[in-house]
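Here is a quick briefing to read with the model open beside you. Take a look at the chain first, then work through the points below.

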Amino acid sequence: QVQLVESGGGLVQPGGSLRLSCAASGSISGTLFRFYAMGWYRQAPGKQRELVADITSGGGTNYADSVKGRFTISRDNAKNTVYLQMNSLKPEDTAVYYCNKRPPSIQPWGQGTQVTVSS
């Protein structure tokens, strides 16, 4: 079984920054993690979960238009961890952030980490 643990969320003012982390353990860890494309997703209240950014096994990245130029996804295969650096945060970035494979096939999802952008 695979476990995903997201962390790093919090309350931040508009224009601020946060760095999210997602640690994978279980059957995806070890030598397997590096072969998987991973993604960061978010779900705002009353909205469907959406893909924010993804990173391939080779390090290629893609971003939703809404976060392009502000967010950066990265990975450390030695630590089985994926990161999301979020800069210039806006109130509309408020959501619970999750990580998963890309496409998302790990069940259940992790608990997520709450990001709230408010003055």
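**Around the aromatic cluster**

The charged end of R49 sits over the ring of W109, 3.9 Å from the ring's centre. To count as sitting over a ring, NZ of Lys or CZ of Arg has to be within 6 Å of the ring centre and within 35 degrees of the ring normal. Keep in mind that this is a predicted model, where local features need pLDDT of at least 70, side-chain atom pairs count only at pLDDT 80 or more, and totals for chains, interfaces and linings use all residues. Residues are numbered from 1 along each chain as its sequence is written, and side-chain values use heavy atoms, with hydrogens and water left out.

**The rings**

- R49 also has its charged end over the ring of Y98, this time 4.2 Å from the centre.
- Searching the whole structure turns up two aromatic pairs. Rings of Phe, Tyr and Trp (for Trp, its six-membered ring) pair up if their centres lie within 6.5 Å; planes under 30 degrees apart are stacked, over 60 edge-to-face, and the rest tilted.
- Y41 and W109 have ring centres 5.2 Å apart and planes at 85°, so this pair is edge-to-face.
- Y41 belongs to strand 4 (residues 38–43), while W109 is in the loop between strand 9 and strand 10, so the pair ties together parts that are 68 residues apart in sequence. Strands here are DSSP runs (E, at least two residues), numbered from the N terminus.
- Y98 and W109 make an edge-to-face pair too, with 5.9 Å from centre to centre and 85° between the planes.
- Put together, Y41, Y98 and W109 form one aromatic cluster.
- Is Y41 buried or exposed? Y41 is buried, with a relative accessible area of 5%. Buried means under 20%, exposed over 50%, and partly exposed in between, using a 1.4 Å probe and protein chains only.
- Y98 is buried as well, at 11% relative accessible area.

**The disulfide**

- How many disulfides does the rule give? The count comes to one, where a disulfide is a pair of cysteine sulfur atoms within 2.5 Å.
- The partners are C22 and C99, and their sulfur atoms are 1.7 Å apart.
- This pair links distant parts of the chain: C22 is in strand 3 (residues 18–26) and C99 is in strand 9 (residues 95–101), 77 residues apart.
- C22 counts as buried because its relative accessibility is 1%.
- C99 is buried too, since its relative accessible area is 0%.

- R102 and P103 are joined by a cis peptide bond, with omega about 0°. P103 is in the loop between strand 9 and strand 10 (113–117).
- Another cis peptide bond joins Q107 and P108, where omega is about -5°. P108 is also found in the loop between strand 9 and strand 10.
- N80 isn't a glycine, yet its phi is positive, near 50°. You'll find N80 in the loop between strand 7 (71–76) and strand 8 (81–86), and N80 is buried at 12% relative accessible area.
- S88, again a residue other than glycine, has a positive phi near 50°. S88 is in the loop between strand 8 and strand 9, and it counts as partly exposed because its relative accessibility is 41%.

Conventions: Helix = DSSP H or I, 4+ residues; strand = E, 2+ residues; numbered from the N terminus.
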